[in-house]
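Work through these exercises with the model open beside you. Try each task before you read its solution.

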Amino acid sequence: MFFYILIFLAIFYLWWRWKAQDGQKIRDLTDKYIFITGCDSGFGNLAARTFDKKGFRVLASCMTEVGAVELKAATSEQLQTVLLDVTDPDNVRKVAEWIKAEVGSAGLWGLVNNAGIMGPSAPTDWLNIEHFRAPIEINLIGLINVTLHLLPLVKKARGRLVNISSTGGRLAVWGGGYFPSKFGVEAFNDSLRRDMKAFGVKVSCIEPGLFKTGLSNRKKIIKEREAIWNQLPPAIRKQYGEGYVQKDAARKEKLVQMLQNTNLSPVVQCMEHALTSINPHSRYIAGWDAKLLWIPLSTMPAAIQDFVLLRNKAELADPTAG
């Protein structure tokens, strides 16, 4: 009995020590600059407003003028906005030069790569290469380009790099460019983390589950699928059957209603920990669905993954047609 008590006490001590270290945070946020991409709405918008209140010197990029104006109106005079299309190399270069002038000798404490889109999602045999291009250009290539331009400033500050990936970077649920782009973010994040260790730069990856943001707009997703469906060859439409888009969407909607997180703050809390903790995590999992379903499922054998995910797809009318 005494042996088991010792084991319990040892485990409790190690847990307590880990929690104590995990809770240690940096001070003097007011002199630290952070740059966040994709602040028009969703995670980026909430993060910009949250970190502005906490005293960070926030530089927030938006894709649209409207998004920038609305964010500026909701924050302090200290927060600055800039228009950025991460797929435009010249725009990225100019924004990087502007940031360099703003941060000066202090360098950039934090870069939060949040900008991203879902892009068209549909069965792979419905798609062409252009359907894959936009999400990969924005979510992956754009993220890498922004990082490369700002990396010298983060190294100067011995700061933090935070890449917003997804549970979709660990488990591909349907066809399209979104999931390949997020798998790429995971790989880039891992190599970057190892390369930056010697410079004292901490690199973290956040993997949100299913959250209610513009990316998960059901009407937009269905509209895009219907547009793709209308361009399909008759043979493929016959294989899937008329009404397939609506039937499949109805099945997926049940899962979305059951799993979707409506509160965006868990993702922003992960960003905050990554930016302010003395010992930030390499990975953060955000959302109860991510913790209980998607991440555990991603570690299971392919046969189990396929069984679970295929139950959420509508049946084909005649796979042998054509």
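A surface patch here is made of residues with over 30% relative accessible area and no salt bridge, and nonpolar side chains are joined into a patch within 5 Å. Keep in mind that the model is predicted.

**Exercise 1.** Find which residues form a nonpolar patch on the surface, and place Met300 in the chain.

Solution. 
- Step 1: The patch consists of Met300, Ile304, Phe307 and Val308.
- Step 2: Together they have about 340 Å² of accessible area.
- Step 3: Met300 sits in the loop between α11 (288-298) and α12 (302-310).
- Step 4: Met300 has 36%, so it is partly exposed.

**Exercise 2.** Decide whether strand β2 (residues 57-62) is largely enclosed or open.

Solution. 
- Step 1: Count the buried residues, those under 20% relative accessible area.
- Step 2: Five of the six residues of β2 are buried. The strand is therefore largely enclosed by the rest of the structure.

**Exercise 3.** Trace how β2 pairs with strand β1 (residues 33-36) and with strand β3 (residues 80-83).

Solution. 
- Step 1: β1 and β2 run parallel, joined by four bridges. Ile36 has Ala60 of β2 as its bridge partner.
- Step 2: From β1, the chain passes through helix α2 (residues 42-53) to reach β2. This β-α-β crossover is right-handed.
- Step 3: Four bridges also link β2 to β3, and these strands run parallel. Here Ala60 stands opposite Thr81 in β3.
- Step 4: Helix α3 (residues 65-73) carries the chain from β2 to β3, in a right-handed β-α-β crossover.

Note on methods. Residues are numbered from 1 along each chain as its sequence is written. This is a predicted model: local features need pLDDT of at least 70, side-chain atom pairs count only at pLDDT 80 or more; totals for chains, interfaces and linings use all residues. Side-chain values use heavy atoms; hydrogens and water are left out. Patches are made of residues with over 30% relative accessible area and no salt bridge: like charges are joined within 9 Å, nonpolar side chains (Val, Leu, Ile, Met, Phe, Trp, Tyr) within 5 Å. Accessible areas come from the Shrake-Rupley method with a 1.4 Å probe; for residues, only the protein chains shown count as cover. A salt bridge is a side-chain nitrogen of Lys or Arg within 4 Å of a carboxyl oxygen of Asp or Glu. Helices (H or I, at least four residues) and strands (E, at least two) are DSSP runs, numbered from the N terminus. Buried means under 20% relative accessible area, exposed over 50%, partly exposed in between (1.4 Å probe, protein chains only). Two strands pair if DSSP finds at least two bridges between them. A crossover is right-handed if, with the strands pointing away from the viewer, the path from the first strand over the helix to the second runs clockwise.
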